[in-house]
Amino acid sequence: MKLSPRDATGYFARPEPDKTGILIYGGDAMRVALKRQQMLAALLGPNAEEEMRLTRMPAGGLRKDPAQLLDAVKAVGFFPGIRAVFVEDANDQAAPAILAALDEWQPGDAQIVVTGGQLKATSKLRKGFEGHRNAYAVGIYDDPPSRAEIERILGEASIRDVPGDSMSALTDIANDIGPGDFSRMIEKLALYKHGDSSQLTLEDIEAVAPQSTEAALDDVLNVVAEGRSGEIGPLIRRLQSQGTNAVTLCIGATRHFRTLYTCASHPGGASQGIGRLRPPLYGKRRDRVLRQAQGWGVDRLETALTLLTDTDLQLRSAGQTAPALALMERALIRLAMLSRAR
């Protein structure tokens, strides 16, 4: 049987112990693995590995020894409780052994849990599970996590007092990074909040949010927008050591100053304009961007965007011979000085 994404969410949380098995497939191996982990934990409980109620095997080995799957499914365990056999990275080459085990399955046997990549609708393996009356097939797609999914992950990490602004920030982060990175971030957040029963704040989230070259880029752009020209050089060297080139820096600067211009040019003022940004900004970052937009004003922001456009064209010019990062650093210093002009 084929499970819809909505029905699959409920099934992964409360799998049926009397089913023959399930096929979980999709193009993102991390998303598939996380759903498989959730399903097996809910089906078998926390001690399945220690009690030898979970058997793992790679699908590649089934070509040489197809009988090993059925043997594992029929094996009698030493401990009471539900058993499962997990077959990883399956494709149609492993289909004969897996489908044969599905046909031979009897009540009391171990459940057959299979994961695979992006299987086509014509896949023998996928069609075998979809057509089986007591087994399920679930496709995992690269959709952003729903609010319910994020709440489930937070609940498993014992993070429950989450106000609306913090949930919105977590949703934005979950949409920007991969599911594995988001799960690891929530694990760090749980450790960070261990023993702290207060509400989850935006500052808590910022303390554990993934850091990357974008964080260093934000540092440079904030320094420029706030007129601290003396700090630009060291930050440029830091970005250079991380592999950031001048064109990337120019694009980032242009994006930042366009954001400021969007806020400052709103008919209701920057305080209303910042509320129209998508994705929205929260917490200290929102306050900082608002102060920058109000400090610059529309006219100087137009001048800044013109300077950045000219610099971008110069960087991309075929006749350009000067060091690109030096040109970009000079442009950023000019912007920082412009921010202090009155």
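Analyst: What follows takes the labels one at a time, for a model that is predicted.

User: Why is Asp-28 called partly exposed?
Analyst: Asp-28 has 21% relative accessibility.

User: What makes Asp-28 and Arg-31 a salt bridge?
Analyst: The N to O distance between their side chains is 3.2 Å. The cut-off is 4 Å, so the pair counts. Asp-28 has another contact: at the start of α2, one of its side-chain oxygens comes within 3.0 Å of the backbone nitrogen of Met-30.

User: How do you know that the span of α2 agrees with a helix?
Analyst: α2 has 16 residues, and at 1.5 Å a residue they should span 22 Å. The end C-alpha atoms are 22 Å apart, so the two values agree. Just after α2, Gly-45 has a positive phi of about 90°.

User: Which residues of α2 are buried?
Analyst: Among them are Arg-31, Val-32, Ala-33, Lys-35, Arg-36 and Gln-38. Met-39, Leu-40, Leu-43 and Leu-44 are also buried.

User: What makes Lys-35 and Glu-149 a salt bridge?
Analyst: Their closest N and O atoms are 2.9 Å apart. With a cut-off of 4 Å, the pair therefore counts. The two residues are 114 apart in the chain, with Lys-35 in helix α2 and Glu-149 in helix α6. Lys-35 and Glu-149 are both buried. They also belong to a network of salt bridges with Arg-152 and Glu-156.

User: How many salt bridges does the rule give?
Analyst: The count is 17. Another of them joins the side chains of Glu-49 and Arg-56, at 2.6 Å from N to O.

User: Why are Glu-49 and Arg-56 called partly exposed?
Analyst: Glu-49 has a relative accessible area of 42%, and Arg-56 has 46%. The class lies between 20% and 50%, so Glu-49 belongs there, and so does Arg-56.

User: Which residues lie nearest the centre of the second largest pocket?
Analyst: Lys-35, Gln-38, Glu-149, Arg-152 and Ile-153 do, out of 34 lining residues. The pocket has a volume of about 850 Å³.

User: Which element supplies the largest share of that pocket's lining?
Analyst: α2 does, with seven residues. Elements that each supply at least two include α1, β5, α6 and α8.

User: What is the make-up of this lining by class?
Analyst: It has 20 nonpolar, seven polar and seven charged residues.

User: Why is Asp-89 called exposed?
Analyst: Its relative accessibility is 58%. Exposed means over 50%, so Asp-89 passes. Asp-89 sits in strand β3. Its phi is near 60°, a positive value in a residue other than glycine.

User: Where is Met-52, the other residue that is not a glycine?
Analyst: Met-52 lies in the loop between α2 and β2. Its phi is positive, at about 55°.

User: Why does Asp-310 count as partly exposed?
Analyst: Asp-310 has a relative accessible area of 47%. The exposed class needs over 50% and the buried class under 20%, so Asp-310 is in between. Asp-310 is placed in helix α14.

Definitions and conventions
Residues are numbered from 1 along each chain as its sequence is written. This is a predicted model: local features need pLDDT of at least 70, side-chain atom pairs count only at pLDDT 80 or more; totals for chains, interfaces and linings use all residues. Side-chain values use heavy atoms; hydrogens and water are left out. On a 1 Å grid over the protein atoms alone, a cavity is a set of points where a 1.4 Å probe fits but cannot get out, and a pocket is an open set with protein on both sides within 12 Å along at least five of seven lines; lining residues have an atom within 4 Å of a point. Grid points are joined across faces, edges and corners, and a volume is the space filled by probe spheres set on the points. Helices (H or I, at least four residues) and strands (E, at least two) are DSSP runs, numbered from the N terminus. Ala, Val, Leu, Ile, Met, Phe, Trp, Tyr, Cys and Pro count as nonpolar, Asp, Glu, Lys and Arg as charged, and the others, Gly among them, as polar. Buried means under 20% relative accessible area, exposed over 50%, partly exposed in between (1.4 Å probe, protein chains only). The expected span of a helix is 1.5 Å times one less than its number of residues. A polar contact is a pair of N or O atoms within 3.5 Å; within protein, one must be able to donate a hydrogen and the other to accept it, and residues adjacent in sequence count only if both atoms are side-chain atoms.
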